[in-house]
Amino acid sequence: MKKKIIVGVSGASGMPVMVECLKLIRKHPEYESGLILSDSAKITIEKETDFEISKIEAMADEVFSMNEIGAGPASGSYQTEGMLIVPCSMKMVAGIHSGYGENLILRSADVTIKEQRPLVLGVRETPFSGIHLRNMQELSLMPGVRIMPLMMTFYHRPKNIEEMVYHMAAKLVEPFGIEAEKYRRWNGE
Ligand SMILES: Cc1cc2nc3c(=O)[nH]c(=O)nc-3n(C[C@H](O)[C@H](O)[C@H](O)COP(=O)(O)O)c2cc1C
């Protein structure tokens, strides 16, 4: 049985990082992805990128609708390696923080926390308000939850945005046991 990672996508900036994460999961045959796009994610994809939603969906092994509240990931007995939400909006953070499982992304995140599986949140906003920071700080105390802001990285000496996006994506999938081929770790030199 393949290891399934649920990938939730919300309406924040940073869609190229999400696409790179889907590609990295696909490169590892022992893993598969289950994709859930929020309605706002679809709007942000259209506004900020040239990606076609159908092509993004084709990169996933399974696609769920955000309103499919009875789908597998809504239950703890459905086996997954955990969940990645990228990009993760502040509204999504607030929903997860309050256990408000009113759509499949929020319910899946709630289930991931209650089952104490890895939940990686590729959060994106700037500046963060006190509300955002409080929600993230409290979530970070839950077993398995990692808050990983989509930040610029320089220590690997990226030559272009694509290399920076790849590096961020590699960091986001690492907690699930995926080692990205071109991921350059800091070795102190
Ligand atoms: C082009 C665009 C970019 C956005 N970027 C962000 C962002 O970086 N962070 C954020 O928290 N919200 C951002 N938003 C606002 C969210 O899309 C909005 O709060 C939405 O209701 C989130 O819904 P969701 O969490 O269900 O996807 C953006 C909206 C648009 C249209």
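The model is predicted. The shell around the ligand holds 14 residues, and Gly11, Ser38, Ser89, Met90 and Arg124 come nearest. Ser89 also takes part in a contact within the protein, where its backbone nitrogen is reached by the side chain of Ser10.

**Ligand contacts**
- Ser89 places a polar side-chain atom 2.6 Å from an oxygen atom of the ligand.
- In the side chain of Lys91, an N or O atom is 3.3 Å from an oxygen atom of the ligand.
- Arg124 uses its backbone: an N or O atom there lies 2.7 Å from a nitrogen atom of the ligand.
- On its own the ligand has 640 Å² of accessible area, and the protein covers 75% of this.

**Make-up of the shell**
- By class, the shell residues are 3 nonpolar, 7 polar and 4 charged.
- At least two shell residues come from helix H2 (39-48), and at least two from helix H4 (90-97).

**Ser10**
- Ser10 belongs to the loop that runs between strand S1 (3-9) and helix H1 (15-27).
- Ser10 counts as buried because its relative accessibility is 1%, and the cut-off for buried is under 20%.
- The distance from the side chain of Ser10 to the backbone nitrogen of Ser89 is 2.8 Å.

**Aromatic rings**
- Across the whole structure, the search for aromatic pairs finds 0.
- The ring of Tyr166 has the charged end of Lys182 over it, 5.2 Å from the ring centre.

How values were computed: Residues numbered from 1 in each chain as written. Predicted model: local features only at pLDDT ≥ 70, side-chain atom pairs only at ≥ 80, totals over all residues. Heavy atoms only, no water. Near = heavy atom within 4 Å. Polar contact = N/O pair within 3.5 Å; in protein donor to acceptor, adjacent residues only side chain to side chain. Areas by Shrake-Rupley, 256 points an atom, 1.4 Å probe, with all protein chains shown as cover. Helix = DSSP H or I, 4+ residues; strand = E, 2+ residues; numbered from the N terminus. Nonpolar A, V, L, I, M, F, W, Y, C, P; charged D, E, K, R; others polar. Phe/Tyr/Trp six-rings, centres within 6.5 Å; stacked < 30°, edge-to-face > 60°. Lys NZ or Arg CZ within 6 Å of the ring centre and 35° of its normal. Buried < 20%, exposed > 50% of the residue type's maximum accessible area, 1.4 Å probe, protein only.
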